[in-house]
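Here are some notes to read alongside the structure. Please keep the view open while going through the points.

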Amino acid sequence: MDLETFNHKIIPMRQMLLTRARQLLGNDSDAEDLVQETMLKLWYIRDQLDSHSCPEALARTILRNKAHDLWRRRREQTGLTRDAGAESGSIEARSDMALIEEIIERLPPLQRDILRMKEIDGYEAEEIIAITGCSPTALRQNLSRARRKIREEFIRLSKQ
């Protein structure tokens, strides 16, 4: 992919990526850094972008992975580690985001995947239905159950 094609296809995705990064991080400066890293990664792999059927999905995946890397680095810097056996003693020290991540990891696989696609990756309902093959009703039910479980577990674990 040459510079002109890159500028025509990839650069317009920047605003969408910035919006998504803000949702993931809640911080404008961190979101901007994350998008810059994502764009840089896309530039480095520009020769391979023509072979991808959906560069936008690739960009979102890179952004999400970089956000996860950032969360891990921050957690390591603060000395917090993910330990499933230490639920009660260290919950106060964890950030709300880390707690929610742990709760999401414990969801049933279908609910976890659908929730991630909808809330984290930003897929539309129609796209999720096409990917998973579930009905619109099943999608709504799974999302509702996942959100309810996260809310209940978050409240339960936050009170400890």
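1. Is E119 buried or partly exposed? The model is a predicted one, and in this model E119 has a relative accessible area of 37%. Buried would require under 20% and exposed over 50%, so E119 counts as partly exposed.

2. The partner of E119 is R147: the two form a salt bridge in which the closest N and O atoms are 2.2 Å apart. R147 belongs to helix 10 (residues 136-158) and E119 to helix 8 (residues 109-120), so this pair ties together parts that are 28 residues apart in sequence. R147 is also partly exposed, with a relative accessible area of 36%.

3. How many salt bridges does a search of the whole structure find? The search gives 10 salt bridges. As background, side chains of opposite charge can pair when their charged atoms come close.

4. Another of these pairs is E153 with R156, whose side chains meet at 2.9 Å, N to O. Both residues are in helix 10 and three residues apart, so about one helical turn separates them. E153 is buried, with a relative accessible area of 15%, whereas R156 is partly exposed, with 39%. Salt bridges with shared partners also bring in K149, so that K149, E153 and R156 make up one network.

5. The side chains of D113 and R112 form a salt bridge as well, at 4.0 Å from N to O. D113 is partly exposed at 36% relative accessibility, while R112 is buried at 17%.

6. Which aromatic rings pair up? A search of the whole structure finds one aromatic pair. The ring centres of F6 and W43 are 5.0 Å apart and the ring planes lie at 80 degrees, so the pair is edge-to-face. F6 is in helix 1 (residues 3-9) and W43 in helix 3 (residues 28-44); the two are 37 residues apart, and the pair links distant parts of the chain. F6 is buried, at 5% relative accessibility, but W43 is partly exposed, at 27%.

7. Which residues form a negative surface patch? The patch consists of D2, E4, D47 and D50. D47 is located in helix 4 (residues 46-49). With 61% relative accessibility, D47 counts as exposed.

Key. Residues numbered from 1 in each chain as written. Predicted model: local features only at pLDDT ≥ 70, side-chain atom pairs only at ≥ 80, totals over all residues. Heavy atoms only, no water. Patch = residues over 30% accessible without salt bridge, like charges linked within 9 Å, V, L, I, M, F, W, Y side chains within 5 Å. Areas by Shrake-Rupley, 256 points an atom, 1.4 Å probe, with all protein chains shown as cover. Lys, Arg positive; Asp, Glu negative; His and termini not counted. Charge placed at Lys NZ, Arg CZ, Asp CG, Glu CD. Helix = DSSP H or I, 4+ residues; strand = E, 2+ residues; numbered from the N terminus. Buried < 20%, exposed > 50% of the residue type's maximum accessible area, 1.4 Å probe, protein only. Phe/Tyr/Trp six-rings, centres within 6.5 Å; stacked < 30°, edge-to-face > 60°.
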